[in-house]
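I opened my notebook to look up a few things in this structure.

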Amino acid sequence: MALKPPSPTGSITVRAAAKINLFLGVGPLRSDGYHDLTTVFQAVSLFDDVTVRHAESLSVRTSGEGAADVPDDPAQNLAARAAQRVEPGSTIAIDIDKAIPVAGGMAGGSADAAASLLACTRLLGVDWSRAELMAAAADLGSDVPFCVHGGTALGTGRGEQLSAVLSRGTYHWVLAIAKVGLSTPAVFAELDRLRERDNPGSADGPDPDDLLRALAAGDVERTAELLHNDLQPAALSLQPGLRRTLSAGVDAGALSGIVSGSGPTCAFLCADEESAVGVAAELAGRGVARSVRTAYGPVPGARIIESG
Ligand code: C5P
């Protein structure tokens with residue numbers, strides 16, 4: 001991928017989307033602390049915008065939904081670490097405008113890392129191939145390659161090995177964003193604990209083949225029946241109130257509801273846009289979540305929206 005360096009005084013803005021895991025099968029704990037996953041990702045229309053420009057030092061500033069909860073220390077912030085992965089020692093001011101919930105199971109931090117990677121390669125005129133970009137993304141986090149990729153994809157390995165999935169039509173979602181976030185490692189650890197307690201040595205679950213067929217056919221109702229998340233019992237164990245959120249969404253008219261990734265965001269698949277608007281209004285009135293949003297998918301991966 002040949003990248004033309006823009007003016008060294010310019011800024012670049014990249015938009016990256018949130019994800020929902022339509023299917024998330026989790027294998028046993030590996031010796032490196034990760035779990036083998038089989039997952040089907042869909043990118044949905046909640047976006048973070050990341051703007052980078054040359055500066056005297058490396059810095060991060062955040063605004064928008066949940067900005068106060070994002071670490072602005074460059075050593076911890078994933079977007080700043082992405083800038084350092086593109087060019088160690090580079091001094092870049094990074095502005096993150098957030099709409100993706102923080103610690104919500106929707107890859108908010110990973111989306112920022114994906115956007116920052118793409119923006120910094122362009123700002124710094126770094127001429128990486130697509131494979132080099134994806135390898136850097138995988139170093140930063142398991143969900144970062146998908147946030148670069150977007151659309152609908154099957155993820156294996158830690159979730160970072162992707163293949164594109166055929167998906168017809170548009171899927172309409174309602175997202176119930178919880179008052180308090182969940183830490184991804186804590187949810188995986190809770191799953192290990194529950195498995196050890198209830199069914200030691202076994203991590204067998206369903207496979208995503210039927211779901212992949214439903215997506216290829218554009219069958220929303222069948223897709224809704226086949227949504228699956230092995231992390232859901234662990235997220236519910238850590239936040240039992242999510243059970244009420246899940247049943248409230250289905251009572252309000254969603255086809256089905258699921259915890260998104262490691263949670264605690266609950267994602268409700270609806271028959272169409274009109275239904276999603278109605279479900280969102282009813283859920284918002286029940287007070288089961290900090291905020292309720294509608295979104296649709298699939299949408300594209302990280303892309304430059306402004307370059308000046
Ligand atoms: O890859 P990432 O840094 O986003 O992962 C965060 C944490 O989530 C890991 O440290 C690990 O505890 C857990 N994880 C896992 N298996 C995966 C992906 C993440 O156990 N496939």
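This is a predicted model: local features need pLDDT of at least 70, side-chain atom pairs count only at pLDDT 80 or more; totals for chains, interfaces and linings use all residues.

Entry 1: I looked up where the ligand sits, and found it in the largest pocket. Two elements give two or more residues each to the shell around the ligand: β2 (35–54) and α5 (184–198). I saw that α5 gives the most, with three residues. I listed the residues around the ligand: G33, Y34, H35, L37, G141, S142, R158, T184, P185 and F188. By class, I have four nonpolar, five polar and one charged.

Entry 2: I checked the side chain of H35, where an N or O atom is 2.6 Å from a ligand oxygen. For the side chain of S142, I read 2.5 Å from an N or O atom to an oxygen of the ligand. R158 uses its backbone: an N or O atom there lies 2.9 Å from a ligand nitrogen. I then looked up the cover. On its own the ligand has 450 Å² of accessible area, and the protein covers 76% of that.

**Entry 3: cis peptide bonds.** I found a cis bond joining G263 and P264, with omega about 5°. P264 lies in the loop between β9 (256–259) and β10 (266–270). The bond from G297 to P298 is also cis, with omega near 0°. I placed P298 in the loop between β11 (291–297) and β12 (303–307).

**Entry 4: positive phi.** A103 is not a glycine, yet its phi is near 55°. I found A103 in the loop between β4 (92–98) and α2 (108–124). A107, also not a glycine, has phi near 65°. I located A107 in the loop between β4 and α2. Buried or exposed, I asked of A107? A107 is buried, because its relative accessible area is 9%, under the 20% cut-off. A103 is partly exposed, at 41%.

Note on methods. Residues are numbered from 1 along each chain as its sequence is written. Side-chain values use heavy atoms; hydrogens and water are left out. A residue is near a molecule or strand if one of its heavy atoms lies within 4 Å of it. A polar contact is a pair of N or O atoms within 3.5 Å; within protein, one must be able to donate a hydrogen and the other to accept it, and residues adjacent in sequence count only if both atoms are side-chain atoms. Accessible areas come from the Shrake-Rupley method with a 1.4 Å probe; for residues, only the protein chains shown count as cover. On a 1 Å grid over the protein atoms alone, a cavity is a set of points where a 1.4 Å probe fits but cannot get out, and a pocket is an open set with protein on both sides within 12 Å along at least five of seven lines; lining residues have an atom within 4 Å of a point. A molecule sits in a cavity or pocket if more than half of its atoms lie within 2 Å of its grid points. Helices (H or I, at least four residues) and strands (E, at least two) are DSSP runs, numbered from the N terminus. Ala, Val, Leu, Ile, Met, Phe, Trp, Tyr, Cys and Pro count as nonpolar, Asp, Glu, Lys and Arg as charged, and the others, Gly among them, as polar. Buried means under 20% relative accessible area, exposed over 50%, partly exposed in between (1.4 Å probe, protein chains only).
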